[in-house]
Amino acid sequence: MGRRVVVVAVVALQLGFAAQGYWSDHKQFAFQMFPESSTWRADVVRVTADGRRIPIEHPWSGYRWDELVRDRGLRYPSIRHHADAGLANQLAFLQAALDWVAHNTPRDAETRYLEATVTSWHNADPARVGVILSDVREGAR
Amino acid sequence: MNTAALGAPSRLRGVVAGFDGLLGRAVSMRALALLRVLAGPAVLLHLQPFLSDGWEGRTYRDAFYEPYAAWYPELPGAVYVGLLSLAAAAAVAMSLGLLTRLATATTFVIVAYNLFLSTTHFHNNRAYLVIVLGLLAVAPCGRELSLDVWIRRRRGRPALDPSAPAWPLWLLRFECAAVYGASGLSKLVDPDWFGGTVTWHRVVQARDQLDGWILPDWAVSVLTDRSFHTGAAKIIVLTEVFIAVGLWWRGTRYAAVWVAVAFHIAIEVSASVQVFSYLAVAVLVIWAVPSTRDRVLRIDPTVRRQRRLGALVRRLDWLARFRVEPATPGSRLEAVDRDGTTIGGAAALALTLSRLPLTAWFALPALLLPAVRRAGR
């Protein structure tokens, strides 16, 4: 009885994960490998409280983007990259990275939010441009 | 109430009883023991980038990461690196079979903990590794190919039964097939994939790298041709589906294993997939029939070549397929298959090599030769 429950539960869970991969940005245990040939690039800027838009390629307050964001192909966003696990996954990671940087740069007193202007190519389709914003940082001067 | 309505519950009970019987049937854990040995290096390769960062004083928390849940426990940097080091040590112990159950469970728990620390840690090969480790941890797969067995023997204690209920093996087989099935199905239902756009576009994007390879111009021209990918993509997708389905039937299993190995070699050559290729090929050993020493190889010990073959089989028969027995002097080489079929000479050699993990991929095609097929009838 016990082993039957374990086996049925694991099989059901695996099938559930596989199904979830069709609509979720993060496709954990869905095993959708090499899903797309999509590519993307982004111009990421810090928007300061006084309205300046400063590219993240310029270090600020002792921070460097390529040290803060090292993983998931996000280190050099201005260079066109392959979206390894699909475009939706890649852009979800970019959103999360912008939020993480906004919340984890305490020495930065001037940035209000980060903004990424993303150009993406879903497989061989024409380019699409969109904007992703980080959470707003309260207290920026 | 009619008789059909009465019969339905008893049929259901029969199905459930049959299912329970399948899961509870005692089978050889030899394949899982071999997989346990092979999984250790995969864990070390997987942990290597985390550990090299950690030893240089960097952890995932020093850069962008994204926890799955706020409640998930996170450790101070030094403790985290210590835990990963423990996982590496446990992986070595797991492969060697030293305190096997504890070592395998420790490896599984730490590798899984690390995977679920951040969405950024997730990759399909790591998920597959966690699944494999989890199922190895619940299977008593340390009763063969382990230092535990050697220590037990040295202490004069009786050997433990190397067979155990089959359910971890069945689950791992399901997961193995699910990896190929899910991947193949996702491509099958995607018109861009099945139509060839995705592979063609990837190759075109990588044209610079392609030019760096030692490929003749005509090959580069074919690989970048759109119409080539219309057919090639379908072959790739159907290959994955064939592996997922073919592994389940004896008639197609060897072909599926052979195709899977070739498929992983192609992936390893053309893409960066961390430990996936190695792990996926290693997992294929679980498709061996879970019984041991049920084939016989008869060698003439007076013939040097046969003697050497016997020694080779004893060394490379990691799945314990064969009993190697001496034949009367002057006899030809003979292999007795599981069903009692006896074959001799070159056909026996081909059959034997096709059942050893290290030589199977090279020897399996030989079984298709008409002479070998005739000898097997």
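Colleague: How many bridges join strand β3 (residues 295-299) of chain B to β4(B), and in which sense do the two strands pair, parallel or antiparallel?

Modeller: In general, strands of a sheet pair through backbone hydrogen bonds, either parallel or antiparallel. In this predicted model, β3(B), residues 295-299, and β4(B) pair in the parallel sense over five bridges. Within that pairing, L297(B) stands opposite V324(B) in β4(B).

Colleague: In what order do the strands of the sheet in chain B stand?

Modeller: The order is β4-β3-β5-β6 (chain B), in an open sheet of four strands with mixed pairing. β4 (322-326) and β6 (342-344) of chain B stand at the edges with a single partner strand each, so one side of each has no neighbour in the sheet. From one strand to the next, the twist averages 20 degrees.

Colleague: Which helices lie across these strands?

Modeller: Helix α15 (residues 304-316) of chain B lies across β3 and β4 of chain B, and runs at about 150 degrees to β3(B). Helix α16 (residues 345-354) of chain B lies across β3, β4, β5 (334-336) and β6 of chain B, running at about 110 degrees to β6(B).

Colleague: How should I read the packing of helix α3 against helix α4 in chain B?

Modeller: Two packed helices are described by the angle between their axes and the distance between the axes. For α3 (residues 77-96) and α4 (residues 100-115) of chain B, the axes come within 8 Å and cross at roughly 140 degrees. That angle makes α3(B) oblique to α4(B). The crossing in which α3(B) passes α4(B) is left-handed.

Colleague: Which residues meet there?

Modeller: On the α3(B) side they include L83(B), L84(B), L86(B) and A87(B), and on the α4(B) side they include I110(B), V111(B) and N114(B). The residues of this contact of α3(B) with α4(B) divide into eleven nonpolar, five polar and no charged.

Colleague: At what angle do helices α12 and α13 of chain B pack?

Modeller: Helix α12 (residues 226-246) and helix α13 (residues 250-270) of chain B pack at an angle of about 140 degrees, with their axes 8 Å apart. α12(B) and α13(B) are therefore oblique to each other. Here α12(B) passes α13(B) in a left-handed crossing. T239(B), F242(B), I243(B) and G246(B) in α12(B) meet residues of α13(B), among them R253(B), V259(B) and F263(B). The contact of α12(B) with α13(B) divides into seven nonpolar residues, three polar and one charged.

Colleague: Into which domains is chain B divided?

Modeller: The division gives domain 1 (26-165), domain 2 (176-287) and domain 3 (295-376) of chain B. The C-alpha centres of domain 2 and domain 3 of chain B lie 32 Å apart. Four residues of domain 2 of chain B are in contact with four residues of domain 3 of chain B. On the domain 2 side, the touching residues divide into four nonpolar, no polar and no charged.

Colleague: What does the domain assignment give for chain A?

Modeller: For chain A it gives domain 1 (1-30) and domain 2 (34-133). The C-alpha centres of these two domains of chain A lie 32 Å apart.

Colleague: How many residues of chain B are in contact with chain A, and which helix gives the most?

Modeller: 29 residues of chain B are in contact with 32 residues of chain A. α1 (3-24), α5 (124-138), α7 (167-188) and α9 (197-205) of chain B each supply at least two residues of the side of chain B that touches chain A. α7(B) gives the most to that side, with ten residues. The residues of the side of chain B that touches chain A divide into 15 nonpolar, nine polar and five charged.

Conventions: Residues are numbered from 1 along each chain as its sequence is written. Chains are lettered from A and ligands numbered from 1 in the order in which they are written. This is a predicted model: local features need pLDDT of at least 70, side-chain atom pairs count only at pLDDT 80 or more; totals for chains, interfaces and linings use all residues. Domain bounds come from an automatic or database domain assignment. Axes are lines fitted to C-alpha atoms, for helices over the stretch in contact, and angles run from 0 to 180 degrees between N-to-C directions. Angles under 35 degrees count as roughly parallel, over 145 as roughly antiparallel, 65 to 115 as roughly perpendicular and the rest as oblique. A crossing is left-handed if the near helix is turned anticlockwise from the far one by less than a right angle, and right-handed if clockwise. Two residues are in contact if their C-beta atoms, placed from the backbone, lie within 7 Å. Ala, Val, Leu, Ile, Met, Phe, Trp, Tyr, Cys and Pro count as nonpolar, Asp, Glu, Lys and Arg as charged, and the others, Gly among them, as polar. Two strands pair if DSSP finds at least two bridges between them.
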